[in-house]
Amino acid sequence: VLINTIWFFCVLLRCTIDNRVTRVAWLNRSTILYAGNDKWCLDPRVVLLSNTQTQYSIEIQNVDVYDEGPYTCSVQTDNHPKTSRVHLIVQVSPKIVEISSDISINEGNNISLTCIATGRPEPTVTWRHISPKAVGFVSEDEYLEIQGITREQSGDYECSASNDVAAPVVRRVKVTVNYPPYISEAKGTGVPVGQKGTLQCEASAVPSAEFQWYKDDKRLIEGKKGVKVENRPFLSKLIFFNVSEHDYGNYTCVASNKLGHTNASIMLFELNEPTSSTLLQEVKTTALTPWKGPGAVSEVSNGTSRRAGCIWLLPLLVLHLLLKF
């Protein structure tokens, strides 16, 4: 008896015989499926393929796990019955029948993820954290328990079920970890009067932070003349299009979400620009200053040196004349 099995398609049960055989039948356990050309079972999936002097075969279409079990080819030869038995084993590709839904949880709480899979042989279930920092499996079981979850443990978790019958089946669960805002960067700046200036406040939070700006405990309202607030999910900018003396000072950026809030002080300070008169004075001063590099000769210093030399020689000449006379 030969068996060819393909899951979800059909199985061929083939019995090789010779011309001495007078009667043949196929049985499943004690149930007769076919006796000769006569069909005894009511299952439409069971069909007779061949009944010749050399082969007696049937086919079971759309094979199901319930078809698994012993099958018997019974033959009658010279009034002596003979049987040949085979056990049909149905292999089933892995299938994930139950998995946890996407979850949102506050940092520090515990979570439990479930992934139930079926198949024959029984599939192996593993959990893996889809993260550049994650290494290997986080669980080799249907259940994944995480105690005191952190923000670094957020992201996709992949459940894989495999049993070598077919390619592994993979499903994912998204875990969102909520945490209060913290300001990672706060940039102050120096700006001359009349120029454009920008204060920048960057905050990380889940859910995304909402930003507010204050100066001297007074909240800055969007739409104030000459000032604009630009908010993005993790970044807020306070933009001054034409900075005045009144704008200089200390500003407070407040980032908040449903779990808490934080703030940072940011300074907008005056930055003096060189004026045209200052630049002109620097040019004049530079032009009047002799170059002191190697080999430089200064006419001013050389003239002074010659005059100093003449004054030093005059007393010596007078003394020489007095001694002579």
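This is a short exchange about a predicted model.

Biologist: Why is N37 called exposed?
Modeller: Its relative accessible area is 56%. Exposed means over 50%, so N37 qualifies. N37 sits in the loop between β4 (31-35) and β5 (38-39).

Biologist: What makes the N37 and N51 side chains a polar contact?
Modeller: The distance between them is 2.8 Å. The cut-off is a pair of N or O atoms within 3.5 Å, so the pair counts. N37 also touches L48.

Biologist: Why is R29 called partly exposed?
Modeller: Its relative accessible area is 47%. Buried is under 20% and exposed is over 50%, so R29 falls in between. R29 lies in the loop between β3 (21-28) and β4. Its phi is near 60°, a positive value in a residue other than glycine.

Biologist: And what makes N62 partly exposed?
Modeller: The figure for N62 is 49%. Exposed needs over 50%, so N62 stays in the partly exposed class. N62 is in the loop between β7 (55-61) and β8, and its phi is near 50°.

Biologist: How do you know that β8 and β9 pair?
Modeller: Nine bridges join β8 (residues 69-77) to β9. Pairing takes at least two, so they pair. The two strands run antiparallel. Y71 stands opposite V86 in β9.

Biologist: Why are β5 and β9 called edge strands?
Modeller: The open sheet has the order β5-β4-β3-β8-β9. β5 and β9 (80-88) each have a single partner strand, so one side of each is left without a neighbour in the sheet.

Definitions and conventions
Residues are numbered from 1 along each chain as its sequence is written. This is a predicted model: local features need pLDDT of at least 70, side-chain atom pairs count only at pLDDT 80 or more; totals for chains, interfaces and linings use all residues. Side-chain values use heavy atoms; hydrogens and water are left out. Helices (H or I, at least four residues) and strands (E, at least two) are DSSP runs, numbered from the N terminus. Buried means under 20% relative accessible area, exposed over 50%, partly exposed in between (1.4 Å probe, protein chains only). Contact means heavy atoms within 4.5 Å. A polar contact is a pair of N or O atoms within 3.5 Å; within protein, one must be able to donate a hydrogen and the other to accept it, and residues adjacent in sequence count only if both atoms are side-chain atoms. Lists of a residue's contacts leave out its neighbours within four places in sequence.
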